[in-house]
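Please look through the sequence and the 3D structure below, and then follow the description of a few residues, a strand and the cores around them.

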Amino acid sequence: MPHNPQISSNPSKLHLFPDAEQASLYVAQQIAALIRQRQDQGKSAVLGLATGNTPKLVYKELVRMHQHEGLSFSNVISFNLDEYYPIIPEDKHSYTYFMQKYLFKHIDIKPYNIYIPNTDSSADRIPQYCRAYEHKISGFGGIDLQLLGIGRNGHIGFNEPGTSFHATTRLVNLHSVTREDAQNDFGSITNVPHQAISIGIHTIVQAKKILLLALGQKKSDIIYQAIKGQITTQVPASILQSLPQAEYVLDREAGAKLDEERQ
Ligand code: GLP
């Protein structure tokens, strides 16, 4: 059975919650605490944000905190991990649309502080655009807190299996599992784009704090591999094992295989 010294010597990296609500609440509270701490210091908070089903309850809780507890996002600068290519921001399948729907339109973040890869441009301009995106992130001093989900194939952002751990923001080809998982959103597999722009693994690992949130039984196999398996480019999320600033936040179903081992 593979042994992971990081986890056994540092159990605080792993947060197991009974259900998705409680796991999401923990993540939202971490984000809110960072925002408030930076406000007290008169500073910005740079967030790296994710899309997909996983962070929806986190965003719902952040919206609630804004509406009922006075949490302001006026000092927040946000960078999204990725976006399909090509897609226009107005498309309801775009991550721009997703972020507006679930978070941005409900809070007081300044629109000019929102960065989401804009893939509505010609292929020859993409490398330059990706360099500029990286430059923007470093210009703000890097990401303070990066929220991640995980694909069933272990991807983080759209960094698919086989991606170099040194990769930066770039145009990527989507893995068949990723496209399959997106087909419900797009209505059919033929409508799912074949490419995306994703920030790289190198970009992600530079974040000062990383929270990988995984929910549901469908993630239990890959979570086990990512946490207990070898650190390998074949499971991009496995790189987090080596990062002291990374934490895994799981509900009971996503952590089921880890739990089995403990019993
Ligand atoms: C997409 C996103 C990832 C996300 C993953 C998991 O591919 N690019 O950032 O983590 O899906 O999605 P879900 O949360 O819906 O399982």
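## Buried residues and a central strand

At 1% relative accessibility, L147 counts as buried, a word used here for residues under 20% relative accessible area, with exposed meaning over 50% and partly exposed in between (1.4 Å probe, protein chains only). This is a predicted model, in which local features need pLDDT of at least 70 and side-chain atom pairs count only at pLDDT 80 or more, while totals for chains, interfaces and linings use all residues. Residues are numbered from 1 along each chain as its sequence is written, and side-chain values use heavy atoms, with hydrogens and water left out.

L147 belongs to strand β6, residues 145–148; helices (H or I, at least four residues) and strands (E, at least two) are DSSP runs, numbered from the N terminus. Although L147 and A50 are 97 residues apart along the chain, their C-alpha atoms are separated by 6.0 Å. A contact means heavy atoms within 4.5 Å, and beyond its neighbours within four places in sequence L147 has contacts that include V27, P55, Y59 and L211.

S72, in the loop between α3 (56–69) and β3 (76–80), is also buried, with a relative accessible area of 18%. Leaving aside neighbours within four places in sequence, S72 is in contact with I35, Q39, H66 and D108.

| Residue | Relative accessible area | Location |
|---|---|---|
| L147 | 1% | strand β6 (residues 145–148) |
| S72 | 18% | loop between α3 (56–69) and β3 (76–80) |

How many of the residues of β10 are buried? Six of the six are, so β10 is largely enclosed by the rest of the structure.

Two strands pair if DSSP finds at least two bridges between them. Strand β1 (residues 14–17) pairs with β10 in the parallel sense over four bridges, and the partner of L14 in β10 is Y248. Five bridges join β9 to β10, which also run parallel, and here L213 has V249 as its bridge partner.

A nonpolar core is a set of buried Ala, Val, Leu, Ile, Met, Phe, Trp, Tyr and Cys residues joined through side-chain atoms within 4.5 Å. The largest one has 36 residues, and among those that touch the most other members are L148, I150 and L250. The largest share of this core, five residues, comes from α8.
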